Structure formats: C-alpha cells, structure tokens
Amino acid sequence: MRGKQPACFKDATEPAPRALAYRLRQASGLGQGSGSKGGPVELADRGLEGSGGRPKDRGRVSALQLGLSLEKLEEALVQLKEEVGPQGDVALVTKDGFPLWISTPDQGRANRTALLGFSLTALAERVLEELSRGFWEYTVVTAAEGAVLLLRAGKEAVLLVATDDPSGQERLLEASRGCTRALVQFL
Amino acid sequence: MSTNPRHQQLEQLLKTFVSSTAEVQGAALVTTDGLPLYTALPAGSDENRVAAMAAALLALGERTLRELQKGTMEQLYVKGSDGYIVVLRAGGDAVLEVITSNQAKLGLVLLEAGRCAGEAARLL
C-alpha cells in the first residue's frame, strides 16, 4: 500500500507531489486499491515520490491551484490519447523511468514502456553530449507498422507516444509538442 | 588505407555521402556490436565511443519497437538543440550513424542516409 493519502482537498495544503499522485489515482479509479487492472488508463504515484519530490524541494501548492492544474494536465494527456487512437500508447514518465500517467492497450507492459522510454532518452542525451549537438529535444523511432516519439516534458518528465500510423508522425509530433507545452506549465 | 577494393569502396561511399549531402557533418559505419568500421566524424569525436553509442541506440530503438509491437525498425533520429543524429541499420551486421547541423533538411538526409545504408549493406 502506498503512503498515507490526504483526506480532503478543499481546505488543506498538501505537498504537491503526494497530492498530485493522490488526485491522479482517484481520477483513474485506482484510489480504491483496484490495482493496475482498473481501466484503460493507469495512473501511478511512484514516479513522483521517487523523483525527489519532498515538501522542502517543491514547496506547497494550494488545493485549488493543484486541482485546476491537474485537470489541465489530464485534459492535455487525454486529448493527445484521442489523437493517437485506441491502439496507440501515451505515457508520461519521470526521467528516472517511473510511470506518472500511462494509457496503453496492454496494461501488462506499462512499466516496461516507462523504462524503455527512460533508457532511450538517457542514451540520446549522452550521444548528443558526446557529439556536441546541444540539449535533447525529441527522439523519433520509425518502423514498418508505426512510430514511437519521445519528447521532453519539463525538466523532470518525458512524454512517450506510440502510433500505429507511420505516415502520421509529423502531425503527431506537432500534437505531442502542443501537449508538452501544456504539461510544462504544470511539471 | 586498406588495399582491399571493397573496403576502399565502403570508405569512399561514406566520404562521398558526408561531402555531398548538405548539412551532414559526419557519419560512421559501425558493427551492431558497437565497433567502428569506417568513420568520417567531426574533429574531437571519439570514434570508439560514438560507435558503441550508435549500436546501443539501434538496439534500444529496436527493443522499444518490439515491446510496443510496431514491427521492424526503419530509422531512429534524435533532435538536439544544435542538430540531429540519425541511426539506421545497414544490413544485418552494421549500423549507419549520421550527424547533421540544425539547419539540415531532415527528409533529404533520411533519404540519402537510406541510400547510403543500402549501398553499404550490399558491399558488406
């Protein structure tokens, strides 16, 4: 079982990462201990707790502000998922490889997807550094039956998008960039 | 320089690709194990390290696609603030890595890199 959850959001000020995790879990229906098989959208707090998000580091955010930001965050991700289609994957993962928000047709691969996204990003950053190509912006992997995009979403997170339509990658890259701009405001 | 005509052809192929494609600043043909075969890299680059990283990028890209069931990898490119790095398979045993500036026309680079990789695969 995860850490103690805040009882109420109306008048309490909660440490941002813990509260975010709680809200995301509630929104996904995982808050009642249903585990990762609850629905098509898995939301987890592991990444937030594991990314150094202690109250001292992040400060405190009012519940109202947090609620509004979370709605926008989810809205942006859900909108992107609609753009990608039911057979696509959208994952927001921390730079440590922990899932923050994952929507995938196969829930069993959620953690592996997050880890692969993290590994590919870490390696891409290292290669860019070695070849003096500046800081990492995005990575695209194209295949016969689709494409995978990885984009920076703020300093702490990476957005992974996988599509079944290899020809639509430019359009999807633009949509994903729009989504990361929305995410950056929150992350 | 190698006296083997096939080796000379491969070396020439890589040099021609780098010099004739606009905004391409370097390229490396490496084995899938991460060892350099032929390189034409910008000054100051460590070819052994670059080769290992290219092979690792290819392997990880392929692993990600397999995990997400997207089929065979065609190409992988990384956008940095100062340029692109393109990685693609050149036959069963080699990887072509291309380094470009920020002003590169990616479509053109991918097209030419695909041709170069195909030719390298044939020679290998």
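This is a predicted model: local features need pLDDT of at least 70, side-chain atom pairs count only at pLDDT 80 or more; totals for chains, interfaces and linings use all residues.
Local features require pLDDT of at least 70 and side-chain atom pairs pLDDT 80 or more, whereas totals for chains, interfaces and linings use all residues. Residues are numbered from 1 along each chain as its sequence is written, chains are lettered from A, and side-chain values use heavy atoms, without hydrogens and water.

Helix α5 of chain A comprises 21 residues (110-130) and extends 31 Å from its first C-alpha to its last, close to the expected 30 Å, the expected span being 1.5 Å times one less than the number of residues. Its buried residues (under 20% relative accessible area, 1.4 Å probe, protein chains only) include A110(A), T113(A), L120(A), L128(A) and E130(A).

L116(A), also in helix α5 of chain A, is buried, with a relative accessible area of 10%. Excluding residues up to four places away in sequence, L116(A) contacts L60(B), R63(B), T64(B) and E67(B), contact denoting heavy atoms within 4.5 Å. The C-alpha atoms of L116(A) and F135(A), 19 residues apart along the chain, are 20 Å apart.

A nonpolar core is a set of buried Ala, Val, Leu, Ile, Met, Phe, Trp, Tyr and Cys residues joined through side-chain atoms within 4.5 Å. The largest contains 49 residues, of which L77(A), L92(A), L159(A), L29(B) and L96(B) touch the most other members. Helix α3 of chain B (residues 106-123) supplies the largest share of this core, eight residues. Apart from it lies another core of 38 residues, including L128(A), L60(B), L65(B) and I85(B).

Note on methods. Buried means under 20% relative accessible area, exposed over 50%, partly exposed in between (1.4 Å probe, protein chains only). Helices (H or I, at least four residues) and strands (E, at least two) are DSSP runs, numbered from the N terminus.
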